[in-house]
Amino acid sequence: MWYRCLRMNLHQAPASLTCHLTTILRGRLCFKDLWAYFAKLGGLGDCSSGMSGTCSKASAVLVLETVQKEMGRDDYEFIDIGAGSGVMVALSLCYGASSAVGIELKNEGQESVYLKSRELFIRNGIVDPRMLVSYGVDVSSTSTLPSNLYCEQGCERKRAVYSFCDGFAEVDRSHMFSLIGRDRQVKLFICSLGKGRGDKFSTPQAVERSINNAAASTQNEPFIACAKLVVRMFGSGAQKTVHVLRRL
Ligand SMILES: C[S@@+](CC[C@H](N)C(=O)[O-])C[C@H]1O[C@@H](n2cnc3c(N)ncnc32)[C@H](O)[C@@H]1O
């Protein structure tokens, strides 16, 4: 019975069934297949390979499980700023996201990997392709956070933003934090910190301050730091920390 359900558009399914299906897909078929597919196509980034930097398989699970836990059973959209080949965007659909969206500055093969992963979704009928990644987009040139076209106008879906942004220019991170603070639908932000003492955003407090200035200017609730996750990078195995901030 569940197998048949996998082949239907989840948005035609009643809410209880959608929830059940999410449980079935969570961490199993969807994640395993997608991870293998991205790996085969070279879409998992090792910082040294020029394809950006992706967490290891276990760390990607840790990040996505944290997002799912923090967002509870709510309908949410996953956003990756600096999405690379879109691996986290795709995988978030296996961890409770109803839609997923990303932007990526570079396009040096990343987009073709993303398009192929989308084909895999469609071919297997696992879920409706509720993901969208736009390439050649600089976050600092945007006036709002990206949103998946799947989300109809006026859609009030809660949003979780992920960004492995330590390689971003300070001005780009500052702009991103402002977009996050001003978007009242964003409930969760997971990010890496800038490197070194000279970096304006090298502490979670500095990131929190920047986001909360923007939140205050729009009378939105502030964020508080609620956890930090130690992750390993795909390929090099380098250890990094990502910080989790939750809107009060
Ligand atoms: C560490 S990688 C993370 C890739 C992806 N999230 C993943 O997990 O595989 C960071 C990405 O951010 C992109 N990036 C850097 N500055 C950016 C900007 N201003 N706007 C959009 N993307 C940017 C880089 O090109 C890079 O692909």
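## Burial and the overall fold

A residue is called buried if 20 or more other C-beta atoms, placed from the backbone, lie within 10 Å of its own, exposed if 12 or fewer do, and partly exposed in between. This is a predicted model, in which local features need pLDDT of at least 70 and side-chain atom pairs count only at pLDDT 80 or more, while totals for chains, interfaces and linings use all residues. Residues are numbered from 1 along each chain as its sequence is written.

The protein chain has eight helices and seven strands, taken as DSSP runs (H or I, at least four residues, for helices; E, at least two, for strands) and numbered from the N terminus. Of its 248 residues, 44% are buried.

Beyond its neighbours within four places in sequence, F189 is in contact (C-beta atoms, placed from the backbone, within 7 Å) with V161, I180, I211, F223 and L245.

## Helix α6

The buried residues of α6 are Q110, V113, Y114, S117 and F121. Seen down the helix axis, these buried residues fall within an arc of 100 degrees (taken from the directions from the axis to the C-beta atoms), so they line one face of α6. On the other side of α6, E119, I122 and R123 are exposed.

## The loop at D138

D138 is found in the loop between β3 (131-135) and β4 (158-163), and counts as partly exposed because it has 13 C-beta neighbours inside 10 Å. The C-alpha atoms of D138 and I103 are separated by 7.6 Å, although the two are 35 residues apart along the chain.

Note on methods:
Two residues are in contact if their C-beta atoms, placed from the backbone, lie within 7 Å.
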